[in-house]
Amino acid sequence: MSNDENSHFAKFLFAGAVGALAGSWWKSNQIDEGKKSRVEREDSDFTDEVRTEINELLDDLELLEDMDDEDDFRDTIADYLKKHSEYEIEVTPNTQFGKPDILIAGTLALETKYNPSKVESDRCIGQCANYSREWATWIVLYDTSESRIQYLHDVLQDKGLDNIPIISFK
């Protein structure tokens, strides 16, 4: 091949590689779009605002007392969020998607678990799969072993629910 042919061939390969990368990015972006809840698709800015504030509040939360059970843990978080957030905080609302432990501004569902067993962990995955159709969804754990957290993370990943974060308190 001449230098001129090599140059055209190199440009062709470069254009093909860029096209393949752009196609891959687009496909990946479409998959991520498909994982979004209805509220994330309809008002992503508000959803991001709620997530950011609640994430900061949960980062600042210090649990100074032992929780007796899952209801106590849920109520402690809900009370703290009601005190420190301007958003509407609903505890165990009845909805067509189930009964999330805490629903924030009709946008973010928190499913709380207190040292869940395998059965409770599996149930949590199913609950969150339903909630995540409608709302951004988080799992919030208390007194849960690293192996159980990893199990939940792995199952979420395997089921394509890796957009659901896990927050853990000791």
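This is a predicted model: local features need pLDDT of at least 70, side-chain atom pairs count only at pLDDT 80 or more; totals for chains, interfaces and linings use all residues.
Residues are numbered from 1 along each chain as its sequence is written, and side-chain values use heavy atoms, with hydrogens and water left out.

Helices (H or I, at least four residues) and strands (E, at least two) are taken as DSSP runs and are numbered from the N terminus. Strand 3 (residues 108–114) has six of its seven residues buried, so it is largely enclosed by the rest of the structure; here buried means under 20% relative accessible area, exposed means over 50%, and partly exposed lies in between (1.4 Å probe, protein chains only). Two strands are said to pair if DSSP finds at least two bridges between them. Strand 2 (residues 102–104) runs antiparallel to strand 3 and is joined to it by three bridges, with Ile104 having Leu108 of strand 3 as its bridge partner. These two strands, strand 2 and strand 3, form a hairpin with three residues between them, and in the turn Ala105 has a positive phi of about 55°. Strand 3 is also joined to strand 4 by seven bridges, and this pair runs parallel; the bridge partner of Leu110 in strand 4 is Trp138.

Strand 3, helix 5 and strand 4 together make a right-handed β-α-β unit, a crossover being right-handed if, with the strands pointing away from the viewer, the path from the first strand over the helix to the second runs clockwise. Helix 5 covers residues 118–134, and its 17 residues reach 25 Å from the first C-alpha to the last, close to the 24 Å expected at 1.5 Å a residue, where the expected span is 1.5 Å times one less than the number of residues. The buried residues of helix 5 include Cys124, Ile125, Cys128 and Tyr131. Through its buried residues, helix 5 packs against helix 2 (38–42), strand 3, strand 4 (136–142) and helix 6 (146–158), contact being defined as heavy atoms within 4.5 Å.

The structure holds 11 salt bridges, each defined as a side-chain nitrogen of Lys or Arg within 4 Å of a carboxyl oxygen of Asp or Glu. One of them is formed by Arg38 and Glu134, whose closest N and O atoms are 2.5 Å apart. Because Arg38 lies in helix 2 and Glu134 in helix 5, this pair ties together parts that are 96 residues apart in sequence. Arg38 is partly exposed, with a relative accessible area of 29%, whereas Glu134 counts as buried at 12%.

A further salt bridge links Arg51 with Glu40, again with the closest N and O atoms 2.5 Å apart. Arg51 belongs to helix 3 (residues 44–60) and Glu40 to helix 2, so the pair ties together parts that are 11 residues apart in sequence. Arg51 counts as partly exposed at 23% relative accessibility, while Glu40 counts as buried at 10%.

Within helix 4 (residues 70–84), Arg74 and Asp71 are three residues apart and are thus separated by about one helical turn, and their side chains meet in a salt bridge (3.2 Å, N to O). Arg74 is buried at 12% relative accessibility, and Asp71 is partly exposed at 40%. Salt bridges that share partners also join Arg38, Glu42 and Glu134 into one network.
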